[in-house]
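Me: I am new to this structure and would like to learn how to read it. Could you take me through some features, one at a time?

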Amino acid sequence: FGSEAIRRSDYQIEGHKAWSCLLLQNDPSLVMDIHKSYLRAGCDVISTNTFQAAPETLADALKVEVVVAKELMRKAVHLAKRSVDEFLKEEHSAKPGNSQPKQKRLHPLIAGSLGPYGACQADGSEYTG
């Protein structure tokens, strides 16, 4: 998710302490667009854009209260769910004459992305233990 966010976003994601979580606050529509692009490409599982996020570190990176950071992490799950719902609605409403027949697919799943614990420490310990 992060690499695609870097490619598509106008925000400085690479090197930012919040990484792609920055989009939860600044560009939630792009979060959904990225999720749906993966679903359209055939992914059966999408992950929330919360890699390396923990409430305290996200609050620090985005200069918000911890309660707001927790809500942003919940928002990541909500955006992923909405993306799946909208994708399935698109798939269901696709007119048969407009495209080739599609195989029946599994209901897409959502994986919560957390990343290594050491990464949320922001001290490099994910590399050194």
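Me: Is C21 buried or exposed, and how is that decided?

Reply: Buried means under 20% relative accessible area, exposed over 50%, and partly exposed in between, with a 1.4 Å probe and protein chains only. C21 has 0% relative accessibility, so C21 counts as buried. C43, in turn, is partly exposed, with a relative accessible area of 26%. This is a predicted model, where local features need pLDDT of at least 70, side-chain atom pairs count only at pLDDT 80 or more, and totals for chains, interfaces and linings use all residues. Residues are numbered from 1 along each chain as its sequence is written, and side-chain values use heavy atoms, with hydrogens and water left out.

Me: How many disulfides are there?

Reply: A disulfide is a pair of cysteine sulfur atoms within 2.5 Å. By that rule, the count here is 0.

Me: What is the secondary structure of the chain?

Reply: Helices (H or I, at least four residues) and strands (E, at least two) are DSSP runs, numbered from the N terminus. The protein chain has 7 helices and 2 strands, in the order α-α-α-β-α-α-β-α-α along the sequence. Of its 129 residues, 36% count as buried.

Me: Which residues is S83 in contact with?

Reply: Contact means heavy atoms within 4.5 Å. S83 sits in helix α5, residues 66–93, and is buried because its relative accessibility is 0%. Setting aside neighbours within four places in sequence, S83 touches M32, H35, K36 and L39.

Me: At what angle do α4 and α5 cross?

Reply: Axes are lines fitted to C-alpha atoms, for helices over the stretch in contact, and angles run from 0 to 180 degrees between N-to-C directions. The axes of α4 (residues 55–62) and α5 come within 8 Å and cross at roughly 105°. Angles of 65 to 115 degrees count as roughly perpendicular, under 35 as roughly parallel, over 145 as roughly antiparallel and the rest as oblique, so α4 and α5 are roughly perpendicular to each other. From α4, the contact uses P55, E56, L58, A59 and L62, and from α5 V66, A69, K70, L72 and M73.

Me: What is phi of K63, and where does K63 lie?

Reply: Most residues other than glycine have a negative phi. K63 has a positive value, near 60°, and lies in the loop between α4 and α5. At 68% relative accessibility, K63 is exposed. W19 has a positive phi too, near 50°, and belongs to the loop between α1 (2–8) and α2 (22–26). With 25% relative accessibility, W19 counts as partly exposed.
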